[in-house]
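Here is a short briefing to read alongside the model. Have the viewer open and follow along.

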Amino acid sequence: MQFMELTKYMYTNAEKDKVPLRAEIDYIRQYIELQKNRMNDRTEVHLSIESRNERPDAVIAPMILITFVENALKYGVSSHVRSDIFIDLALDDDSLHFATRNPIVVRPSAEKSGFGIANCRKRLDLLYPGRYVLEIREEADEYRVTLDLKLH
């Protein structure tokens, strides 16, 4: 059922220019819940959603945040060592702050690395020119992504 709901969201919204931010957040929650089915008790996902002065009409390009969530869960999950993955989203009026932080448990191979991030960066350039700041950092054995985005 979880997978069907995610698939339905993707097919229904992928071609749209904008979707309600609340719907995109729900999609991320559902995706995380589905992924928890493959994790053991050594991995914990910490999802924090904070809203100050939230605009009920806030919209976002569909599937723009999920790439970063997917990467955090793909490269930060371990069945052998403790792994904490942090996903934070804060909305203040029309400003969105999104961040992920995860240990690097699995190192991506060079030939398969970076396509999702590169595509996401291109989408941000096209859809939010001059209205976003994306920082991606690898520090020691931790990967951090921060995205600040003006929605309107």
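In which sense do strand 4 and strand 5 pair, and over how many bridges? Strand 4 (residues 83-92) and strand 5 (residues 95-103) run antiparallel to each other, joined over seven bridges. This is a predicted model, where local features need pLDDT of at least 70, side-chain atom pairs count only at pLDDT 80 or more, and totals for chains, interfaces and linings use all residues. Residues are numbered from 1 along each chain as its sequence is written, and side-chain values use heavy atoms, leaving out hydrogens and water.

**Sheet**
- Five strands form an open sheet in the order 2-4-5-7-6, with mixed pairing (strands pair if DSSP finds at least two bridges between them; strands are DSSP runs of E, at least two residues, and helices of H or I, at least four, numbered from the N terminus).
- Strand 2 (43-52) and strand 6 (132-139) are the edges, each with a single partner strand, so one side of each has no neighbour in the sheet.
- Ile87 has Thr100 in strand 5 as its bridge partner.

**Helices on the sheet**
- Helix 3 (residues 66-75) packs on the sheet and touches strand 2, strand 4, strand 5, strand 6 and strand 7 (142-150) (contact means heavy atoms within 4.5 Å).
- Helix 4 (residues 115-127) also packs on the sheet, touching strand 6 and strand 7.

**Aromatic rings**
- There is one aromatic pair (ring centres of Phe, Tyr or Trp, the latter by its six-membered ring, within 6.5 Å; planes under 30 degrees apart are stacked, over 60 edge-to-face, the rest tilted).
- The ring centres of Phe68 and Phe98 are 6.3 Å apart with planes at 45°, so the pair is tilted.
- Phe68 belongs to helix 3 and Phe98 to strand 5, so the pair ties together parts 30 residues apart in sequence.

Definitions and conventions:
Axes are lines fitted to C-alpha atoms, for helices over the stretch in contact, and angles run from 0 to 180 degrees between N-to-C directions.
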